[in-house]
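Me: Hi! Could you walk me through this model? I'd like to start with the overall picture and then get into the details.

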Amino acid sequence: MQNLGVEVLFEGSNMERLLGGLLVTIKISFISIALGAILGLFMGLLRTLPIKVLQIILRVYLEVFRIIPILVWLYVVYFGFTPLFDIHISGEVTAILVFSLWGAAEIGDIVRGALESMPKHQKDSAKALGLSSGQIYRYILIPQAVRRMLPGSINLATRMVKTTSLVVLIGVIEVVKIGQQIIELGVIKAPSASFWVYGFIFILYFLVCYPLSVISRRFERRWQN
Amino acid sequence: MNLDWEFIVESLPLYGDAMWLTVKLAFWGILFSLVLGLLFSVALHYKVPLLSGVIVVYVELSRNTPLLVQLFFLYYGLPKIGIYMSETTCAIVGLTFLGGSYMTEAFRSGIEAVSRSQIESGLSIGLSKVQLARYVILPQAYAISIPSLGANAIFLLKETSIVGAIALMDLMNVAKDLIGMHYKTAESLSLLVMSYLILILPLSLVLSWVERKVRYAEFGG
């Protein structure tokens, strides 16, 4: 291999552009995770209420996102909304909409699981000690629920970051798209570019997701019980 | 919503072909992932030198990168260093690369979850190491792993929706082409969603049934 081709990553502003593309990915994930968390917290609380109809609706909502692949959702919103509702939304808005709704469904389930797994005697003992119901939530239930929610939520965050790679397929200019542009531009000068560019993007995703997995695993181990 | 039923009937064969492709890819991907996962988890459990290290690195790389990027690297990147694969092979290799690590984790946590007392009782009644694995550890580990193995299978089936990105004529590509050629957006998208429901819903129902069944097989937990 005389011409390694790795230089393509450092030519001109290529590196800068790739990292900029990664930022778009991170931005979309971050906004979706934040919106999903707020909506999901609310949904998780609603799912612990003893209202049958509400429970069925929210359960169906969750299953619908679990069964249909996210890429299908992106297509449905991106290609379907324009003719159906006569509104055009950009790829980026589509992505944030779909990922937030998906995140809300999953986080809702995590929150519900955490709240339901709390042993009843915790609340009873706190009452017996004379804590008010605000204090029970503040000092007993929420700290424990958060512990149970954190590992799953961070895991979900890595899944969301990975899944945002799909937005290139609905025309968002993010890291993969910029990679493609760089490869197309250098097709004659650097024929091996796709190996290095996709290899680099592979590493970039790993660098973003790996720390999150490590944190999630650490929380899981520390708070096993 | 006024659907063009004639168009729907005409496009059914296209969706049928694409569903069959998805089934084939998912079948091989899941099968190879299971084999890989079983071998790797046993190797990790017995701490095979060197190999364990390689497996750990592989699991982390595979779990922390998106399938789309893995596929692009396999399909567009590797030929540049002389490794050529067809689209179908790429898709199966990609699914196996991704699924193998998830299956490894599922089997490994199953093996770890077999309680100590089970192993000690087995040893105390004089079982050999192989007998212990064959009659005590693996049956229980397998029962414990079933739910996560099933979840991984569904995950892989859903991930096949990405193979269209490397020019395979899968459901996503069929839908996109039909939208582009005929502007029958509602029809194409409804068929797309229906296809995935037909593929995944039965599997998901069967799995939750199996999950309830195998729970009886757990002991000493």
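Reply: Happy to; we can begin with the ground rules, then take chain B, and then charges and backbone.
Reply: This is a predicted model, where local features need pLDDT of at least 70, side-chain atom pairs count only at pLDDT 80 or more, and totals for chains, interfaces and linings use all residues. Residues are numbered from 1 along each chain as its sequence is written, chains are lettered from A and ligands numbered from 1 in the order in which they are written, and side-chain values use heavy atoms, with hydrogens and water left out.

Me: Good. How many helices and strands are there in chain B?
Reply: Chain B has eight helices and zero strands. Here helices (H or I, at least four residues) and strands (E, at least two) are DSSP runs, numbered from the N terminus.

Me: And what box do its C-alpha atoms fill?
Reply: Along the principal axes, the C-alpha atoms of chain B take up roughly 70 × 45 × 20 Å.

Me: How much of chain B is buried?
Reply: Of its 221 residues, 48% count as buried. Buried means under 20% relative accessible area, exposed over 50%, and partly exposed in between (1.4 Å probe, protein chains only).

Me: Take Ser195(B), then. Buried or exposed?
Reply: Ser195(B) is buried, because its relative accessibility is 4%. Ser195(B) sits in helix α8 (residues 185–214) of chain B.

Me: What does Ser195(B) touch?
Reply: Leaving out residues up to four places away in sequence, Ser195(B) touches Tyr15(B), Met19(B) and Leu171(B). Contact means heavy atoms within 4.5 Å.

Me: Switching to charges: how many salt bridges over all chains?
Reply: The count is 14, a salt bridge being a side-chain nitrogen of Lys or Arg within 4 Å of a carboxyl oxygen of Asp or Glu.

Me: Which residue does Glu106(A) meet in a salt bridge?
Reply: Glu106(A) meets Arg159(A), at 3.7 Å from N to O. This pair links distant parts of the chain, with Glu106(A) in helix α4 and Arg159(A) in helix α6 of chain A, 53 residues apart. Glu106(A) is buried at 7% relative accessibility, while Arg159(A) is partly exposed at 35%.

Me: What else is linked with those two in a network of salt bridges?
Reply: The network also takes in Arg47(A), Arg66(A), Asp109(A), Arg112(A) and Glu116(A).

Me: Back in chain B, where do Glu120(B) and Arg116(B) lie?
Reply: Both are in helix α5 (residues 116–124) of chain B, four residues apart, about one turn of the helix. Glu120(B) is partly exposed at 45% relative accessibility, and Arg116(B) is exposed at 55%.

Me: Now the backbone. What is the phi of Asp86(A)?
Reply: Asp86(A) has a positive phi of about 60 degrees, although it is not a glycine. In general, most residues other than glycine have a negative phi. Asp86(A) lies in the loop between α3 (70–85) and α4 (91–116) of chain A, and counts as exposed because its relative accessible area is 69%.

Me: And where is Ala167(B) found?
Reply: Ala167(B) is in the loop between α6 (129–159) and α7 (171–182) of chain B. Ala167(B) also has a positive phi, about 70 degrees, without being a glycine.
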